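Hello,

Here is the structure we talked about. Please open it alongside this note; my findings follow below.

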Amino acid sequence: MAAVPFDRSVLKVNQSILMVVIVVGYVIGFAYPEAAYVLLALAVMMLAAVASPSLNLPRILYVRLLRPSGIVKPRVVQEDPAPHRFAQLLGGVFLAAASVFVVTGVLLVAWVLAWIVVALAFLNFAFNICVGCIMYAQLVRVGVLPLSRATAR
Amino acid sequence: MILLLAPLIAIAAVGIVALALRAQRGSQRELVGVVVEPPRRQGAMPSILYFTGEACTICHTAQRPALRALAAGLDDGVEIREVDVAVEPELARRYRVMSLPTTIVLDGSGQVTDINVGFATGETLRRQLVDAGMPVAA
């Protein structure tokens, strides 16, 4: 059976979008608190990306624009994509929780959660430290996550 | 203005988690040169512990085939032991396995000589086995 080719550049694009949009939204939020609703849009983007590759906005942007134009070069590695999908799911859950706090008006907690996502994305982007992936391995090891190959498509 | 605290709180929280994880990762490296468990028989050849799991796609599609190809060209005395972390969690804990696949090369006395986190090629593992004392075929 062939090894799974996995392009890490898609993750880098995803992390860049998260970092830029959250930081810009945070700054604008001082003048216009409604800017916090951008967290809801990012939560939808992240959770949709986990649900289906065809709904993965950063991937679509990368495949249709950034890669063909040479702005971002492919970095294909032999790697299990399941831990990265779990990390994306984790980011989506954090942003979804942040969105709930935005709607209920608790903006400090919302932005703390959003900045946690920024910090985790930065660690992965700059140093390839994927905290979500490490958590995934631990959860599989202790049997919390189901040991189904479907989770690692 | 209280919102200015948000990045500080978040970065402090993530920093603590990252430092804890880094310390734990570093601790696996500390196993090199250590006998975690004695070999099953005395005077044994070097061996490989291959940690895997059912949900680890790359283990099944790349690491296992690479190990099978490697095993086909090895002396019978060299053992490649596949360890499912769900079946033997205690062994995975003792070898501080954090990620799958992980391959650990042991010398004849059971001492850890190399640790590979992630996919390791057959060529890399063969070289590590030689470094661990596996005789090179003439």
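Which hand does the crossing of α2(A) and α4(A) have? The crossing is left-handed. The term means that the near helix is turned anticlockwise from the far one by less than a right angle; clockwise would be right-handed.

Before the rest, some ground rules. This is a predicted model, where local features need pLDDT of at least 70, side-chain atom pairs count only at pLDDT 80 or more, and totals for chains, interfaces and linings use all residues. Residues are numbered from 1 along each chain as its sequence is written, while chains are lettered from A and ligands numbered from 1 in the order in which they are written. Helices (H or I, at least four residues) and strands (E, at least two) are DSSP runs, numbered from the N terminus.

Chain A helices

Helix α2 (residues 38-51) of chain A packs on α4(A) at about 150°, with axes 8 Å apart. Axes are lines fitted to C-alpha atoms, for helices over the stretch in contact, and angles run from 0 to 180 degrees between N-to-C directions. The two helices are therefore roughly antiparallel (over 145 degrees; under 35 is roughly parallel, 65 to 115 roughly perpendicular, the rest oblique). Residues of α2(A) in the contact include Leu39(A), Met46(A) and Val50(A). Those of α4(A) include Arg85(A), Gln88(A) and Leu95(A). Contact means C-beta atoms, placed from the backbone, within 7 Å. By class, this contact has 13 nonpolar, 4 polar and 1 charged residues. Ala, Val, Leu, Ile, Met, Phe, Trp, Tyr, Cys and Pro count as nonpolar, Asp, Glu, Lys and Arg as charged, and the others, Gly among them, as polar.

Helix α4 (residues 82-103) of chain A also packs on helix α5 (residues 107-127) of chain A, at about 160° with axes 7 Å apart. That makes this pair roughly antiparallel too. α4(A) passes α5(A) in a left-handed crossing. The contact residues divide into 14 nonpolar, 1 polar and no charged.

Chain B strands

Strand β3 (residues 102-106) of chain B has 5 of its 5 residues buried, so it is largely enclosed by the rest of the structure. Buried means 20 or more other C-beta atoms within 10 Å of a residue's own; 12 or fewer is exposed, in between partly exposed. β3(B) pairs antiparallel with strand β1 (residues 47-52) of chain B over 5 bridges. Pairing takes at least two DSSP bridges. β3(B) also pairs antiparallel with strand β4 (residues 112-117) of chain B, over 5 bridges.

Best wishes

Terms used
Two residues are in contact if their C-beta atoms, placed from the backbone, lie within 7 Å.
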